[in-house]
Each structure stands twice: as structure tokens, then as C-alpha cells.
Amino acid sequence: MQVARHVVCALSGGVDSAVAALLLRRRGYQVTGVFMKNWDSLDEHGVCTADRDCEDAYRVCQILDIPFHQVSYVKEYWNDVFSDFLSEYEKGRTPNPDIVCNKHIKFSCFFHYAVDNLGADAVATGHYARTSLEDEEVFQQKHIKRPEGLFRNRFEVRNAVKLLQAADSFKDQTFFLSQVSQDALRRTLFPLGGLTKDFVKKIAAENRLHHVLQKKESMGICFVGKRNFENFILQYLQPRPGKFISIEDNRVLGTHKGWFLYTLGQRARIGGLREPWYVVEKDGTKGDVFVVSRAGLLGDRGLCLAQPTVFVRSGRAAETLRSGSD
């Protein structure tokens with residue numbers, strides 16, 4: 001009799017990862033749930049969300065009758081993800097911490113823990129994504145240590161596994177998985193890849209997972225959560241006051257606490273002004289943020305680069321992009 005394949009599933013305390021673990025059990029696999037604690041402070045309401053999420057993940061394991069483990073990567077997250085995030089913001093760029101977190105934490109630290117410490121045949125997450133490998137092909141993959149050095153590309157494995165878009169195009173998270181290594185991707189299952197979010201919720205409702213079904217969608221900075229972004233960032237970066245300047249007539253419209261807090265295209269909320277203004281340029285030397293009004297965007301002065309809604313949608317990644325995990 002063949003021993004059941006062992007799949008270690010990352011559990012966030014949310015509905016997606018809970019249903020992923022449930023579906024793996026239904027396929028007959030031996031499933032272990034692992035909760036990662038990667039952030040160590042209280043949210044703006046004084047609640048340690050990591051502890052609450054850990055309790056929810058543990059309850060999922062109790063309902064599914066599977067083993068539960070908790071690991072801490074607080075140090076690794078700070079060194080490999082958050083420090084880089086702060087550094088990029090200070091330079092005026094808009095980093096995406098979810099991509100970096102998936103690369104260094106979920107599909108490196110967690111992946112190696114699952115394989116090396118728990119003896120996993122494969123790992124799984126609640127991401128909405130697919131790969132070009134069927135389950136049985138994933139289980140047949142073996143870890144191949146890649147040589148490092150000048151000629152390492154000569155040893156690349158042929159027929160690389162492909163990352164494919166999820167069936168639910170609105171929830172698709174392949175962008176956030178774009179830097180995951182081939183080694184990890186080859187041994188990862190995405191049970192939700194062929195499902196819609198609505199169907200995932202239906203599965204949760206029918207299988208006693210109401211405690212995660214009722215939770216709000218995870219948004220904001222990966223593992224840190226949704227916060228007042230400006231207040232949060234200024235806990236770690238020094239304020240650098242500057243002016244909001246109209247690019248249309250050079251008027252000073254107000255002041256801000258740091259040009260690095262703003263992303264090209266986002267709406268700049270300027271005190272005392274009801275009309276929406278949008279960031280079109282930044283001067284890191286002087287600390288000025290140049291803005292244009294909605295009328296300026298849509299007028300005939302050559303400033304109409306896109307509809308304002310497009311600018312808003314492409315704005316501050318830490319606030320507007322959906323988390324790459326659940």
C-alpha cells in the first residue's frame with residue numbers, strides 16, 4: 001500500500017489557505033498546517049493580529065484534524081523584506097513587499113522548513129495561481145542543488161515549470177509570485193488555481209470554516225496589515241517636509257511630510273482643497289511634490305496622460321495592491 005503523499009500547507013488564518021488545506025485533505029494527502037509569524041508588533045488598535053491569525057489557523061487544523069506547527073521568521077522578514085522596503089521608499093520608489101516576501105520568506109524559509117524539517121513531499125499555499133505541473137509531477141520532483149559561479153547557467157534544468165494565471169482573473173496572484181525560484185515552484189501545489197473566490201467561500205461555508213469566512217480580506221503591507229500608511233512609515237523614516245506645487249501654474253498648494261511618501265499617479269490629499277489633485281512629478285533634492293488637478297488631466301494642455309482612475313489604481317502599492325498571500 002502506497003504511503004500518502006505529505007503536503008505542508010502554509011496557513012495564514014484566512015479563508016483561502018484554510019480551503020486550500022481542506023482540498024488537499026480531500027485529495028487523500030497527509031496534510032500539515034504551518035503558520036508563519038513574520039511581524040512582531042501591535043496594530044493601530046493595540047491588537048497583535050499575528051496572535052489572532054495564529055489562533056484562527058490552529059482552529060482550522062483542529063476542524064480538519066491535521067497537525068499544526070508555528071514558525072517565526074521575524075528576523076528574516078525584517079532583514080530580507082522590510083529593510084529593503086524602507087530603503088526603496090526613502091529613495092522615492094514604490095516597492096512591492098509581497099513579491100519580496102514570497103521570494104525570501106514563503107518560498108525560501110518556509111519551503112526549506114517544510115521539506116527539510118517536516119519531510120514534505122510538496123508544499124502548498126492559498127494563492128490564486130497555477131503551474132504547468134500536475135500534482136503527481138510535483139511529487140516526482142527532486143531538489144537539484146544549482147552550482148554557483150560564472151557558468152551556473154549551463155546547469156539550468158531544461159523544461160522549466162511555468163507559472164500560469166489562475167482561473168479567477170480578478171484574484172490572480174501570479175504577479176506576486178513572479179520571483180519564486182524554480183526549485184520551490186517545482187514542488188508547490190496551488191489548490192485554488194482553478195477556482196473562483198466565490199466558490200472558495202462556498203466551500204468554507206459548507207465545511208465549518210465560518211470563523212475564517214467572516215474575516216475581512218487581507219490588504220496592505222504583507223504580514224504588517226492595513227494601516228495609516230503615512231503614520232506607519234514615519235515611525236521608521238525621518239520626516240522630510242516639502243511643498244505641494246501645481247505643475248500648471250507653479251502655485252504652492254500645501255505642505256507634506258516627505259516626498260518619498262507619494263507615488264506618481266496617486267491622489268494627493270491636500271488640506272483645504274476639495275478638488276482632487278494627482279502626483280505627476282517629484283523633486284527629491286528640494287523635496288517638492290508636483291501635482292495636477294483633475295481638470296488639468298482632462299484639459300487641452302497636454303497633461304492628459306490617463307484617466308484619473310488609472311492613476312489612482314496604479315498608486316501606492318503598499319496601500320492599493322492586494323496582498324500576495326492568504
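**Reading a sheet, its helices and a core**

Glu88 touches Arg93 and Pro95, leaving aside residues up to four places away in sequence.

Visitor: Where does Glu88 lie, and is Glu88 buried or exposed?

Guide: This is a predicted model. Glu88 has its place in helix α3, residues 74–90. Buried means under 20% relative accessible area. Glu88 has a relative accessible area of 18%, so Glu88 is buried.

Visitor: In what order do the strands of the open sheet stand?

Guide: The order of the 5 strands is β3-β2-β1-β4-β7, and their pairing is parallel. At the edges are β3 (68–72) and β7 (188–189), each of which pairs on one side only. Strands β1 (residues 6–10) and β2 (residues 30–37) are joined in the parallel sense over 5 bridges. Cys9 stands opposite Gly33 in β2.

Visitor: Which residues touch the most other members of the largest nonpolar core?

Guide: In soluble globular proteins, nonpolar side chains tend to be buried together. Here the largest nonpolar core has 86 residues, and Val19, Phe110, Leu189, Leu209, Ile233 and Val291 touch the most other members. Helix α4 (residues 97–117) gives the most to this core, with 10 residues.

Visitor: What does Phe110 touch?

Guide: Leaving aside residues up to four places away in sequence, the contacts of Phe110 include Val8, Cys9, Ala10, Val34 and Tyr73.

Terms used. Residues are numbered from 1 along each chain as its sequence is written. This is a predicted model: local features need pLDDT of at least 70, side-chain atom pairs count only at pLDDT 80 or more; totals for chains, interfaces and linings use all residues. Side-chain values use heavy atoms; hydrogens and water are left out. Two strands pair if DSSP finds at least two bridges between them. Helices (H or I, at least four residues) and strands (E, at least two) are DSSP runs, numbered from the N terminus. A nonpolar core is a set of buried Ala, Val, Leu, Ile, Met, Phe, Trp, Tyr and Cys residues joined through side-chain atoms within 4.5 Å. Buried means under 20% relative accessible area, exposed over 50%, partly exposed in between (1.4 Å probe, protein chains only). Contact means heavy atoms within 4.5 Å.
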